[in-house]
Amino acid sequence: MSSLRVAVLASGTGTNLQAILDAVHGRDGIEVVGVASDKPHAMALERAAAAGVETAVFERSSFAGRAQRDAALGDWLEALDAGLVVLAGYMQLLSAAFVERFRDRIINVHPALLPSFPGLDAIGQALAHGVKVTGVSVHFVDEGVDSGPIILQRAVEVPEDLDREALEDEIHRVEHELLPEAIRLIAAGRVSFDAANPRVVRTISGGDRVSPR
Ligand code: GRF
């Protein structure tokens with residue numbers, strides 16, 4: 001059986017972390033081995049502790065700069081032997097050196113259909129733009145903001161009455177399915193980069209196991 005040691009970075013309430021703990025942790029060789037936050041009081045840390053998962057805090061203010069913080073975070077992840085780093089509502093930009101250190105091993109969930117509406121308040125951006133359809137993307141993290149190769153996407157219709165709360169609820173519901181699904185696919189070796197165009201991620205829901213690049 002394949003095995004994947006997963007670390008999650010989260011700044012907020014951690015409902016995506018909870019979905020990962022509930023849906024994939026301890027199954028199919030997938031183990032959440034650590035949860036880190038930049039916020040010492042993030043609810044995500046409580047969820048991790050309740051699941052018996054190791055936690056750590058890397059506050060921006062405890063380090064001389066982002067480079068030093070990300071170096072410490074990277075050392076912690078390596079000590080955990082994490083094979084995949086999942087950003088689940090992690091509200092800090094990662095340094096280029098960190099991205100390079102964990103190249104193709106960092107994924108993020110974003111509440112829009114990228115490349116539309118990257119960055120902060122993607123749901124507000126979508127509503128302000130007047131789109132009829134938005135959605136959820138799970139993508140690899142590169143040096144840009146929400147710009148890395150897309151692994152999975154799913155569309156969500158914008159309600160006719162533009163009810164933000166209803167749209168948020170539906171987007172979160174989809175996130176809680178799509179992020180665990182991406183982790184499952186990666187753990188099963190069913191995610192690869194197209195040889196002709198590495199921006200294109202191939203996912204295989206059945207068939208032969210493939211190797212990452
Ligand atoms: C999610 O909407 C995610 O897409 C965004 O931040 C939010 C985190 O929510 N990046 P939670 O902390 O997982 O509840």
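This is a predicted model: local features need pLDDT of at least 70, side-chain atom pairs count only at pLDDT 80 or more; totals for chains, interfaces and linings use all residues.
Close-up 1. Because the two residues stand three places apart in helix α6 (residues 164-187), about one helical turn separates E181 from R184. E181 is partly exposed, with a relative accessible area of 28%, and R184 is also partly exposed, at 31%.

**Close-up 2. R101 and its partners in helix α3.** D75 forms a salt bridge with R101, and the closest N and O atoms of this pair are 2.6 Å apart. Since D75 belongs to helix α3 (residues 66-79) and R101 to helix α4 (residues 96-101), the pair ties together parts that are 26 residues apart in sequence. The side chains of E78 and R101 meet in a salt bridge too, at 3.1 Å from N to O, and this pair likewise links distant parts of the chain, with E78 in helix α3 and R101 in helix α4, 23 residues apart.

**Close-up 3. The two sides of helix α2.** In helix α2 (residues 43-50), the residues A44, L45, R47 and A48 are buried. Seen down the axis of α2, these buried residues fall within an arc of 160°, so they line one face of the helix. They are covered by elements including α1 (15-23), β2 (30-37) and β3 (55-57), whereas the face turned away from the buried side carries the exposed residues E46, A49 and A50.

**Close-up 4. D194 in a loop.** D194 is found in the loop between β8 (191-193) and β9 (201-203), where D194 is buried, with a relative accessible area of 15%. A polar contact of 2.5 Å joins its side chain to that of R202.

Technical notes: Residues are numbered from 1 along each chain as its sequence is written. Side-chain values use heavy atoms; hydrogens and water are left out. Buried means under 20% relative accessible area, exposed over 50%, partly exposed in between (1.4 Å probe, protein chains only). Helices (H or I, at least four residues) and strands (E, at least two) are DSSP runs, numbered from the N terminus. The arc is that of the directions from the helix axis to the C-beta atoms. Contact means heavy atoms within 4.5 Å. A polar contact is a pair of N or O atoms within 3.5 Å; within protein, one must be able to donate a hydrogen and the other to accept it, and residues adjacent in sequence count only if both atoms are side-chain atoms. A salt bridge is a side-chain nitrogen of Lys or Arg within 4 Å of a carboxyl oxygen of Asp or Glu.
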